[in-house]
Amino acid sequence: MELKEAIINRRSIGNVENKEVPKDIVEEIIESAKWAPTRFLTQPWRFFVITKGGRQSLSKVIEEIAIDLGTDPNTEEGKKRLELERNKPFRAPVIIAVGAEVSEKERVIRLEELGAVYAGIQNMLLTAHSLGIAAYWKTGKECYHPKMKEFFYLKEKDEVLAFIYLGYASNSKDAAQRISTKELTTWIEY
């Protein structure tokens, strides 16, 4: 698969089969992230592969965070909401949580550390696509909650930046319309 073709045709596909993704494929997807650019070669990315019973542990944390964020477990609406939250980790057989372990070196700019991890995430999504694996990048308030950092043993300065859900697609997805780059680009030539 040509790079440009992969970039144009990659889609976020959330509907996947409950079929195990081989460990070597997951490792290849993670491997691709470390080749993203990183200023001062800090390599701030950290990966947490969640499968099998680990999804239950993540489910519990997501439920706790939902309650912290105001979901009332004593109302019917709250119970329905919590059920939805608890089920999130079971959408795919593999989830890779991607964290940024921000360098404490004075010359390192935090925003650049996060940018390096985001670039690594894009590498992961493209690699998954090239290997025939559906990938869906999820975030949300629970992603950035202190309890999530605690779950992954990250420090306060660090961040969880993505949950990448992986599996074999149970459907396909058409391309979304994109704005022309001519509308988004300003050439400064003077």
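What percentage of the 190 residues in the protein chain do buried residues make up? Buried residues account for 39% of them. The model is predicted.

## Overall layout

The protein chain holds seven helices and four strands. Along the sequence, these elements follow the pattern α-α-β-α-α-β-α-β-α-β-α.

The C-alpha atoms of the protein chain fill a box of roughly 65 × 45 × 35 Å, with the box taken along the principal axes. The accessible surface of the chain comes to about 12,000 Å². Carbon and sulfur atoms contribute 51% of that surface.

Contacts can also be sorted by how far apart the partners sit in sequence. Take the contacts between residues at least 6 apart in sequence: 79% of these join residues at least 24 apart.

## Helix H2 against helix H5

Two packed helices are described by the angle between their axes and the distance between the axes. Helix H2 covers residues 23–33, and helix H5 covers residues 110–130. These two pack at an angle of about 145°. Their axes are 7 Å apart. H2 passes H5 in a right-handed crossing.

Which residues make the contact? From H2 come Glu28, Ile29, Ile30, Ser32 and Ala33. From H5 come Gly120, Asn123, Met124, Thr127 and Ala128. By class, the residues of this contact divide into five nonpolar, four polar and one charged.

## Helix H3 against helix H4

Helix H3 spans residues 54–68, and helix H4 spans residues 76–87. The axes of H3 and H4 come within 8 Å and cross at roughly 145°. H3 passes H4 in a right-handed crossing.

On the H3 side, the contact uses Ser59, Ile62, Glu63, Ala66 and Ile67. On the H4 side, the residues are Leu82, Glu85 and Arg86. The contact of H3 with H4 has four nonpolar, one polar and three charged residues.

## Salt bridges around Glu85

The count of salt bridges comes to 16. Glu85, one of the H4 residues that meet H3, takes part in a salt bridge with Arg81. The N to O distance there is 2.5 Å. Glu85 and Arg81 are four residues apart in helix H4, so about one helical turn separates them.

Are the two partners buried or exposed? Glu85 counts as buried because its relative accessibility is 4%, under the 20% cut-off. Arg81 counts as partly exposed, at 41% relative accessibility.

Glu85 also forms a salt bridge with Lys88. The closest N and O atoms of this pair are 3.0 Å apart. Both Glu85 and Lys88 are buried.

Lys149 forms a salt bridge with Glu159. Their closest N and O atoms are 3.6 Å apart. Lys149 lies in helix H6, and Glu159 lies in strand S4 (residues 159–167), so the pair ties together parts that are ten residues apart in sequence. Lys149 is buried, and Glu159 is buried too.

## Two exposed loop residues

Where is Glu20 placed? Glu20 is in the loop between helix H1 (3–9) and H2. The residue is exposed because its relative accessible area is 58%, over the 50% cut-off. Leaving aside neighbours within four places in sequence, Glu20 is in contact with Lys52 and Tyr168. Glu20 and Ser170 are 150 residues apart in sequence, and their C-alpha atoms are 13 Å apart in space.

Lys141 is found in the loop between strand S3 (134–138) and helix H6 (146–151). With a relative accessible area of 66%, Lys141 is exposed. Lys141 and Ile50 are 91 residues apart along the chain. Their C-alpha atoms are separated by 19 Å.

Notes. Residues numbered from 1 in each chain as written. Predicted model: local features only at pLDDT ≥ 70, side-chain atom pairs only at ≥ 80, totals over all residues. Heavy atoms only, no water. Axes fitted to C-alpha atoms, helices over the stretch in contact; angles between N-to-C directions. Left-handed = near helix turned anticlockwise from the far one by under 90°. Contact = heavy atoms within 4.5 Å. Nonpolar A, V, L, I, M, F, W, Y, C, P; charged D, E, K, R; others polar. Buried < 20%, exposed > 50% of the residue type's maximum accessible area, 1.4 Å probe, protein only. Areas by Shrake-Rupley, 256 points an atom, 1.4 Å probe, with all protein chains shown as cover. Salt bridge = Lys/Arg side-chain N within 4 Å of Asp/Glu carboxyl O.
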